Amino acid sequence: MAQVHLTFDNGPHQTVTAEVLSVLERRGLTATFFVLGKHLATPWGLDLAKRIRDAGHRLGNHSFNHETPLGDDPGQHVVDRELTATQDLLDQVWDGPLWFRPFGGGGKLGPHLLSLDAVDWLIDREATCVLWNSVPGDWLDAQDWPDQALADAERLEHDVIVLHDILPEAMTRLDVFLGALVDRGHTFTDGLPADCLPIVDGAPQQGLERFVSRPTPGAAP
Ligand SMILES: [Zn+2]
């Protein structure tokens, strides 16, 4: 039986986020929304972020553009553009703890997730870096992703699931999925397992280096 922490990435989305919020409200659940700066930079995006906050959910930074994983795109200018610019927008609506989730391309974990510059930024800002352990692929299979998600919940004690509140078709399955979790005796939590947190309030944790790319020694600058 798992404790499940729900996360929704890459939004907010003009129509899908509102639907996800109403499903969560009906079920009395809270989640974490890792949002993109490029959406917060629109008037509707910032409005939706306020609705997410006002409904009692958490907001986190998930980069501005979500293009090249930070470990594959090192440099301070990237941190400014992707992390600081998003955080400046997020700060207008969110005064809770600074949570950041890197993106991996298909949900893969590895040193491509973070650059040394990104790590410095997270430490400076006393941020918490939030990874995941369940990526059921809602963008790959809009109909059957709950099967994979339920299998993950069977396997895990503390499940941090990545879903996307930008997928109109896949998110029509959200309520059925949440019902199936409840039926099988799983519960929901706002907590996060230590093995999904390589940085906590700016403090590097054991294993952080597995998620940070380093310049190759001897390579041209
Ligand atoms: Zn993402």
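Is Asn10 buried or exposed, and what is its relative accessible area? Asn10 is buried, at a relative accessible area of 13%. The model is predicted. Two topics follow: the zinc site, to which Asn10 contributes OD1, and the aromatic pairs, of which a search of the whole structure finds two.

**Zinc site**
- Along the chain, the donor spacing reads N-x51-H-x3-H.
- Asn10 and His66 link distant parts of the chain, being 56 residues apart.
- Asn10 sits in the loop between β1 (3-9) and α1 (16-27), while His66 sits in the loop between β3 (58-61) and α4 (76-90).
- Asn10 counts as buried because its relative accessible area of 13% falls under the 20% cut-off.
- His66 has a relative accessible area of 25%, so this residue is classed as partly exposed, between the limits of 20% and 50%.

**Aromatic pairs**
- The search of the whole structure gives two aromatic pairs, and one of them is formed by Phe8 and Phe33.
- The rings of Phe8 and Phe33 are 5.2 Å apart, centre to centre, with 25° between the planes.
- This pair is classed as stacked because the angle of 25° is under the limit of 30 degrees.
- Phe8 belongs to strand β1 and Phe33 to strand β2 (residues 32-35); the pair links distant parts of the chain, 25 residues apart.
- Phe8 is buried, at 0% relative accessibility.
- Phe33 is buried, at 0% relative accessibility.

Note on methods: Residues are numbered from 1 along each chain as its sequence is written. This is a predicted model: local features need pLDDT of at least 70, side-chain atom pairs count only at pLDDT 80 or more; totals for chains, interfaces and linings use all residues. Side-chain values use heavy atoms; hydrogens and water are left out. Donors are N, O and S atoms within 2.8 Å of the metal (3.2 Å for Na, K and Ca); water is not among the atoms, so sites may look incomplete. Helices (H or I, at least four residues) and strands (E, at least two) are DSSP runs, numbered from the N terminus. Buried means under 20% relative accessible area, exposed over 50%, partly exposed in between (1.4 Å probe, protein chains only). Rings of Phe, Tyr and Trp (its six-membered ring) pair if their centres lie within 6.5 Å; planes under 30 degrees apart count as stacked, over 60 as edge-to-face and the rest as tilted.
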